[in-house]
Amino acid sequence: MDSMQTKLLSSKPTNLHISPQFTNFSSSRINTCAFPVRDDRSFKLVLHQNHSSASHNFIYLPQRTHAIATNAHSSADTCIIHKYDSDQLHSITKQDKLGVLLLNLGGPENLDDVQPFLFNLFADPDIIRLPRLFKFLQKPLAKLISVLRAPKSKEAYASIGGGSPLLRITNEQAEALKKSLQEKKFHADIYVGMRYWHPFTEEAIDQIKKDHITKLVILPLYPQFSISTSGSSIRVLNDIFREDGYFEGLPISIIESWYQRDGYIKSMADLIEKELLSFPNSDEVMIFFSAHGVPVSYVEEAGDPYKVQMEDCVSLIIHELKSRGVKNSHVLAYQSRVGPVQWLKPYTDELIVELGQQGVKSLLAVPISFVSEHIETLEEIDMEYKELALESGIENWGRVPALNCTSSFISDLANLVIEALPTATAVAQARNNNCNDKDELDIMQYVVKMLFGSVIAFFLLFFPRLLTLFRNSSL
């Protein structure tokens, strides 16, 4: 079971409907955990139920093929099992003009872009969540925060060359992904859509329409799902698809998270194992996983699965390392907190100090939520946290590079895209399949949130000095 765990596509139970053409299952509906995997020629669905497992040459097809909603992880998928191999899948899709949309955060390309980039970031209601009654404060608040934060952020970007390398690296990943798909006999046009800077998601969608793409796979470059990253981009896409008739009949598959994939886990383990060898006593090095933080309220109130997925991701990587004989101790912490609210703990900066006080001498930082180098790896980790570590008594410091265009990682992304192709369904059909009912808000809970939100909005608007608390992050 351990070897299959790293291939798990979804950590939650998945309801499976068995296609009528197969009679070797005793029931028409079973509750089980589905482990879709791919080898050189075929797709397999590994089923696990009641501590027993068996492999079958089937590929799962979720009926909720692309949940274009930020609460996509709140319920189990319903799946149809069909039998395919790679040749059959290629013949099915060869008449289509395939497109793959890579989603990422975006970043300022020069120092003049910093303030407007920050404005776009904080104007996102998935980043600063205000009560509905005070949504009109979103942009004024974003403007105020971005103006206050811009000087410090400009210093940070100046220290790494005057701009973010994220677009360049993402374009390189897009080109590498296209080549990898071609090697697997799948031809696709790759597009890059950034959430907060050019090329915006909307720009990529316009190009997709101009190129007359007939089947689209949407791949956020965030291994773990969060409402503030993948969720925010998917929400934007949902708005576009709802309003643009072009997408009514376009088959689309959205990959919401992929941190459990064997290729990703092994690629991360490869990088960690290599960096450990650069230390004089590699077995004494503590592996320090540093993930981008989110406010605790996202997890506890909004149901964000990010914390659970991050912890699961670290466990899978450690399991892979142990299978290779690497038994170093490890910790997980969260970086880049902003503002006066509580974020996921432990905080990276505080934990580094504590480890130094405890006598830890060698630390290997692993940026676990990032697949590309950017401000939070190149400046926050490489400069701020390294300096803090050395000041705290840690003598040997290292950092695992981001995956970027690592060949094994890109190859696995290509497999992920191919596996997603059969799940592509027209937006109109998926919309009909999705439940439209929403949970009713408890009236007292709603009133409390409104009052709390109004107090926060009042103080932030009329006492801007409080916003100096937002100046501590390098974004």
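Among contacts in the protein chain between residues at least 6 apart in sequence, what percentage join residues at least 24 apart? The figure is 78%, where a contact means heavy atoms within 4.5 Å.

Before selecting anything, note that this is a predicted model, in which local features need pLDDT of at least 70 and side-chain atom pairs count only at pLDDT 80 or more, while totals for chains, interfaces and linings use all residues. Residues are numbered from 1 along each chain as its sequence is written, and side-chain values use heavy atoms, with hydrogens and water left out.

**The whole chain**

Show the protein chain as a cartoon, and you have 15 helices and 15 strands to work through; these are DSSP runs numbered from the N terminus, helices being H or I of at least four residues and strands E of at least two. Of the 475 residues, 55% are buried, meaning under 20% relative accessible area with a 1.4 Å probe and protein chains only, whereas exposed means over 50% and partly exposed lies in between.

**The five-stranded sheet**

Select β8, β7, β9, β10 and β15, which form an open sheet in that order with mixed pairing; two strands pair if DSSP finds at least two bridges between them. The edges are β8 and β15 (425–426), each of which pairs on one side only.

Next select residues 201–210, helix α6, and colour its buried residues, Thr-201, Ala-204, Ile-205 and Ile-208. Because these cover an arc of only 100° around the axis, they lie on the same side of α6, the arc being that of the directions from the helix axis to the C-beta atoms. The buried residues of α6 pack against β7 (98–104), β8 (188–194), β9 (215–220) and α7 (230–243). After α6 comes His-212, with a positive phi near 55°.

**Helices α13 and α5**

Now move to helix α13 (residues 407–420), which lies across β7, β9 and β10 and runs at about 135° to β9. Axes here are lines fitted to C-alpha atoms, for helices over the stretch in contact, and angles run from 0 to 180 degrees between N-to-C directions. On the α5 side the contact includes Gln-173, Ala-176 and Leu-177, and on the α13 side it includes Phe-409, Ile-410 and Leu-413.

Then select Asn-404, in the loop between β14 (396–399) and α13. Asn-404 counts as buried because its relative accessible area is 19%. Leaving aside neighbours within four places in sequence, the contacts of Asn-404 include Ile-169, Gln-173, Phe-409 and Ile-410.

Finally, go to Tyr-306 in helix α10 (residues 306–323), which counts as buried because its relative accessibility is 4%. Not counting residues up to four places away in sequence, Tyr-306 touches, among others, Phe-225, His-292 and Tyr-334. The C-alpha atom of Thr-229 is 9.9 Å from that of Tyr-306, although the two are 77 residues apart along the chain.

From here, select strand β12 (residues 330–335), where five of the six residues are buried. Strand β11 (residues 286–292) pairs with β12 in the parallel sense over six bridges, and Phe-289 has Leu-332 of β12 as its bridge partner.
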